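Please keep the sequence and the coordinates at hand while reading.

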Amino acid sequence: MQYGSILKACRERVGWNQEEMAHQLMINQSDVSKFENNAKEPPMSLFQKWATVTQSQDVLVAFIAGMDGITILANVLTTMATPIIGFINLLGGML
């Protein structure tokens with residue numbers, strides 16, 4: 001199964017680059033790149049830690065439940081957009 005895009009979206013959700021992600025996971029940045037590009041398959045324990053440090057446990061649950069990658073990515077992107085939309089609405093009320 002290829003889930004590099006899902007891992008990348010989770011990382012980007014918290015605004016980290018690959019080096020910051022590697023630091024959080026205590027692995028090399030090159031391994032983060034390999035996981036995100038589907039060149040290397042992470043063990044489930046690393047996938048779980050990735051989801052935990054990026055506060056994306058919902059993604060892990062969806063993945064384990066068999067949800068397809070496109071639906072998972074759509075949910076991640078929606079979650080990312082919600083605070084931005086709220087901030088824009090707040091600014092609109094202040095203007």
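How are H4 and H5 oriented to each other? The model is a predicted one, and in it the axes of H4 and helix H5, which spans residues 57-64, lie 7 Å apart at an angle of about 140°. Angles over 145 degrees would count as roughly antiparallel, and those from 65 to 115 as roughly perpendicular; H4 and H5 are therefore oblique to each other. From H4, the residues Met 44, Phe 47, Gln 48, Ala 51 and Thr 52 take part in this packing, and they meet Gln 57, Leu 60, Phe 63 and Ile 64 of H5. The residues of this contact between H4 and H5 comprise 6 nonpolar and 3 polar ones, with no charged residue.

H4 also packs with H2. Helix H2 covers residues 18-25 and helix H4 residues 44-53; their axes come within 10 Å and cross at roughly 115°. That angle makes H2 roughly perpendicular to H4. The crossing in which H2 passes H4 is right-handed. On the side of H2 the contact involves Met 21, Gln 24 and Leu 25, while H4 contributes Leu 46, Lys 49, Trp 50 and Val 53. By type, the residues in the contact of H2 with H4 are 5 nonpolar, 1 polar and 1 charged.

These two pairings belong to a chain whose secondary structure consists of 6 helices and 0 strands. Along the sequence, the pattern accordingly reads α-α-α-α-α-α. The chain has 95 residues, of which 31% count as buried. Among its contacts between residues at least 6 apart in sequence, 58% join residues that are at least 24 apart.

Leaving aside residues up to four places away in sequence, Leu 7 touches Phe 35, Glu 36, Pro 42, Phe 47 and Trp 50. Helix H1 runs over residues 4-13 and is mostly covered, with 7 of its 10 residues buried. The buried residues of H1 are Gly 4, Ile 6, Leu 7, Ala 9, Cys 10, Arg 11 and Arg 13. After H1 comes Gly 15, which has a positive phi near 80°.

Positive phi values also occur in two loops. Met 26 is not a glycine, yet its phi is positive at about 60°; Met 26 is placed in the loop between H2 and H3. Its relative accessibility is 69%, so Met 26 counts as exposed. Asn 38, likewise not a glycine, has a positive phi of about 60° and sits in the loop between H3 and H4. With a relative accessible area of 35%, Asn 38 is partly exposed.

Terms used:
Residues are numbered from 1 along each chain as its sequence is written. This is a predicted model: local features need pLDDT of at least 70, side-chain atom pairs count only at pLDDT 80 or more; totals for chains, interfaces and linings use all residues. Side-chain values use heavy atoms; hydrogens and water are left out. Axes are lines fitted to C-alpha atoms, for helices over the stretch in contact, and angles run from 0 to 180 degrees between N-to-C directions. Helices (H or I, at least four residues) and strands (E, at least two) are DSSP runs, numbered from the N terminus. Angles under 35 degrees count as roughly parallel, over 145 as roughly antiparallel, 65 to 115 as roughly perpendicular and the rest as oblique. A crossing is left-handed if the near helix is turned anticlockwise from the far one by less than a right angle, and right-handed if clockwise. Contact means heavy atoms within 4.5 Å. Ala, Val, Leu, Ile, Met, Phe, Trp, Tyr, Cys and Pro count as nonpolar, Asp, Glu, Lys and Arg as charged, and the others, Gly among them, as polar. Buried means under 20% relative accessible area, exposed over 50%, partly exposed in between (1.4 Å probe, protein chains only).
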